[in-house]
Amino acid sequence: NPSHVRTCGFICKACPYSCVKLLNVSPQVKQMAAVLLRRLLSSSFEEVYPSLAIDVQTAIRTELLAGIQSEGSSNIRKKVCDIAAELSRNLIDDDGNNQWPEILKFLFDSVNSQDVSLRESALHIFWNFPGIFGNQQQHYLEVIKRMLVQCMQDQENPQIRTLAARAAASFVLSNESNTALLKHFSDLLPGILQAVNESCYRGDDSVLKSLVEIADTAPKYLRPNLEATLQLSLKLCADTNLTNMQRQLALEVIVTLSETAAAMLRKHTNIVAQSVPQMLSMMVDLEEDEEWAMADELEDDDFDSNAVAGESALDRIACGLGGKIVLPMIKQHIMQMLQNPDWKYRHAGLMALSAIGEGCHQQMEAILSEIVSFVLLFCQDPHPRVRYAACNAIGQMATDFAPTFQKKFHDKVISALLQTMEDQSNPRVQAHAAAALINFTEDCPKTLLTPYLDSLVQHLHVIMVAKLQELIQKGTKLVLEQVVTSIASVADTAEEKFVPYYDLFMPSLKHIVENAVQKELRLLRGKTIECISLIGLAVGKEKFMPDASAVMQLLLKTQTDFNDLEDDDPQISYMISAWARMCKILGKEFQQYLPVVMGPLMKTASIKPEVALLDTQDMENMSEDDGWEFVNLGDQQSFGIKTAGLEEKATACQMLVCYAKELKEGFVEYTEQVVKLMVPLLKFYFHDDILHEITITFLDRCARVRGPEYLTQMWHFMCDALIKSIGTEPDSDVLSEIMHSFAKCIELMGDGCLNNEHFEELGGILKSKLEEHFKNQEVRQAKRQDEDYDEQVEETLQDEDDNDVYILTKVSDILHSIFSSYREKVLPWFEQLLQLIVNLICPHRPWADRQWGLCIFDDIIEHCSPSSFKYGEYFLRPMMQALCDSSPEVRQAAAYGVGVMAQFGGESYRPAFTEAVPLLVGVIQSPDSRAKENANATENCISAVAKVMKYRPECVNVTEILPHWLSWLPLNEDKEEAVHTFTYLCDLIESNNPIVLGPDNTNLPKIFIIIADGVVNESIKGEDGCSKRLANVIRQVQVSGGLWTQCVSALNEAQQKAIQDLLNTA
């Protein structure tokens, strides 16, 4: 009754005690009051409960416990238990004291009661809030264990056994990181497994769901009984008397363990091998559908179906355990299925091949020719759904194995797909062949695709014309939608090579956009708009311009109707991307359209996703199929976010950046509103792509145009959010992007861009990032001692290590930008990080730590000298040792440090050069110094020797070293250091240095070769000052005929051309 709901809601909010009293009235009102009170406590506890009088608080607690004992309805009693658990959760103070001791006494009394309903209530409360004992948990540990064991052994009451198993699982999950406790409670697992088995056959899968959660969150708990856990899961999965959902959940236990405890599972490959046929048999569970091939609407995958669940499980287990284990287990099964006369088996075999491509990538790549030849045969299978599955496998392999797949099999694959696309009597197969072609062309190099363009275009045009007729006559559109996207994909890859085919397609495409206005044609229209804009971008402005005006009018008309479009209209995202492509094509001429475009774009970029804090009961009413994603927070609570619209939001943000980049000052009037929309998105956890060059684009390209005051104002608005997000962003890819943007912003804004509060907050964050770096290394070392450690675990640890090092490089980038902007005055702030940076360069640290630690000290020497010398006691000795390090990256960082020490360091560093130069020369002259992996390090050593000779000649014997140094030139790999060496070479030549020029200029031919090789390797660029000086040297030689001839005759053809190019450009 709606009036009951309103009344209860009002009473509950106004006076929770009245709501508790409502628990004594009619069942409907009781139920509503219970739900509302629980929600109130979970969402507004701090606003409501503490403001109540103490006696009212006491009365609420007393009434709740009394209500549990007196309530006759099992359903309502559970709801009251939920309220008690929620209240108790909120009454644990910051020190872990439970301020409701009566509930603990109630639990102990109830669990020992003869009344089954009270025992149920105690277990229900404990299941809902396993942290109820607060800081007394350790004290009561044995009592808790005894209570759970006793209830799990209750032979007379199966519901008590089930609840006790769920409560035990909940307790384990809430203590997932307490290894000692998990070990102590490991003997409860056999009871949990028994309850899983029993409850499934009573139609209750709640304990099985708890087992899945343990596999996900606390897999190590299962280790002592892993064999039994896997055997039970396998047995339940194979039992066709159980429901599909139960069988899928049982399989989920094994699949989840392959993701969360792969090393542990790899010791039980016999059971994994038995689970593979179960997944494949689920994939065969398909229904005959006479109308399947003619369907014009693609229905969403039925995620509850066995076929989809089996395919997903196969994909995940292949990724989790790796191809080395999974491919041998599955290969034979698939081959048998593909030879089965029943189409369902052939279909499942091909879908299985699609599913394992990502996880078995390396192993499948070795036998790819064999696989592709076999799959292509099924493009001509008698059954349309098998042909469909063959297209699916081709499309998936084209993505998984790109570009190798395209390079090796272009001929066979393009021909097979074009032939399959002619299957007029099975539109669904036609459409999927077109979809596979899209996958193929997206990653196909242009040079490979070009020879097939005539054939591709001819086929696509014939099908498009035929399907346009079908659309007019029958209203069918599925194939046309895919073909339009195929045309777009081919044009996108072919680029200017598509120009000859432009006139063949554009009239028909414009016709579709003009006429496909019905609601059911929205997707077709959106895809056609995408196709037109991609073709325009491919063929370029000159070819597209005659149609540009008409296309813009079509887009504008759609845009004008934009406000009438429903929020889920697929045209929206296509329109947003199309406008951005038009902007790239038209350049500055696009500015006139901004007033029309920006409104809807800002609306999409401003989508606010629904978020909610949910408990287990709320989650039961919501599903991921409705666009919700959940993050488990423990304690029966989850954070939910509705992800519908997020892709569009991310696209819209990227398009705004695109406009700012393309239009620069033309976008200025929108800068402020865009920045104010986008900066808060830095706190947005749920989409990787939302931050992309936003900061730099808007500061450098737009805000700067409005003058320094406006630029500073915009920066301050961004800066706080950037710093905070560096501290809170959980995703390492997004974090590295934010850190990179922040560093670039500081370089752009320069000295004074950070205030004291910024420095204080940033210092704390960088310190915690460095501490986390060291801690993560310790955790990885501990994992290497784990009993489940194997080579696949090592691969994962290496990936984690690479991730960590990447974040360390970004810490280095931020420090570099600060040192280069603020110079020595920032050193007192830096000292809070000093010891952590010193730790990075200790000899026992991994090479990447030492490399980046030295890079940070290099920056201090370069930008903060002569003050940098006060830290010399920390870095000079490690830097000298690092010059001979076995890692080229470390040698390079050390050599660069010696170079900047000579250039910027000052008098105090003089003694270091006497030691450093012989070490540098030793590295340069070692036999493998020019090997590819050593080249950069060696070139930095050569450059460092040059800088010492140039800036600190008194510290070395220049006369002795110069002939050697000249023989080491030119530098080909490190372009920045090459400039230093050529600049120094110019100094020496211009000062007529006799050692460099040689007696009677005999070294000049050698110098010509050095200069020519520098131009060939692009170490010398025509536009820089050094190039002009080198060109002048050449011109001076040019006028002395005999010497010029001698120098030029020493050069090969490429070198002679390089000298001529230098003379022409510098």
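Residues are numbered from 1 along each chain as its sequence is written, and side-chain values use heavy atoms, with hydrogens and water left out. As the model is predicted, local features need pLDDT of at least 70 and side-chain atom pairs count only at pLDDT 80 or more, while totals for chains, interfaces and linings use all residues.

I begin with the cores. A nonpolar core here is a set of buried Ala, Val, Leu, Ile, Met, Phe, Trp, Tyr and Cys residues joined through side-chain atoms within 4.5 Å. Buried means under 20% relative accessible area, exposed means over 50%, and partly exposed lies in between, with a 1.4 Å probe and protein chains only. The largest nonpolar core has 231 residues, and those with the most contacts inside it are Y221, F405, F498, F590 and Y659. A second, separate core has 127 residues, among them I723, L735, I814 and A1031.

Let me take F498 as an example. Contact means heavy atoms within 4.5 Å. With neighbours within four places in sequence set aside, F498 is in contact with V457, I487, V490, A491, F505, I535 and V539.

I turn now to helices, which are DSSP runs of H or I with at least four residues, numbered from the N terminus. Helix 29 covers residues 522-539, and its 18 residues reach 26 Å from first C-alpha to last, close to the expected 26 Å. The expected span is 1.5 Å times one less than the number of residues. Because 16 of its 18 residues are buried, helix 29 is largely enclosed by the rest of the structure. Just after this helix, G540 takes a positive phi of about 95 degrees.

Helix 17, residues 306-321, has 16 residues and reaches 22 Å between its first and last C-alpha, close to the 22 Å expected. Its buried residues include N306, G310, A313, I317 and L321. Which helices do the buried residues of helix 17 pack against? They pack against helix 14 (244-260), helix 15 (262-265), helix 16 (269-283), helix 18 (323-338), helix 19 (343-356) and helix 40 (791-822).

The next item is a helix pair. The axes of helix 51 (residues 1025-1038) and helix 52 (residues 1041-1049) come within 7 Å and cross at roughly 125 degrees. The two helices are therefore oblique to each other. Helix 51 contributes I1034, V1037 and Q1038 to the contact, and helix 52 contributes G1041, L1043, W1044 and C1047.

Two single residues deserve a word. N426 lies in the loop between helix 23 (404-420) and helix 24 (427-442), and at 11% relative accessibility N426 counts as buried. Apart from neighbours within four places in sequence, N426 is in contact with A293, P384 and R387. G905 is found in helix 44 (residues 888-905) and is buried, at 1% relative accessibility. Not counting residues up to four places away in sequence, G905 touches S865, P866 and V900.

Finally, the cysteines. How many disulfides does a search of the whole structure find? The search finds 0 disulfides, a disulfide being a pair of cysteine sulfur atoms within 2.5 Å. For C855, the nearest cysteine sulfur is that of C941, 14 Å away. For C986, the nearest is that of C1026, 4.3 Å away, and C986 counts as buried at 0% relative accessibility.

Note on methods. Axes are lines fitted to C-alpha atoms, for helices over the stretch in contact, and angles run from 0 to 180 degrees between N-to-C directions. Angles under 35 degrees count as roughly parallel, over 145 as roughly antiparallel, 65 to 115 as roughly perpendicular and the rest as oblique.
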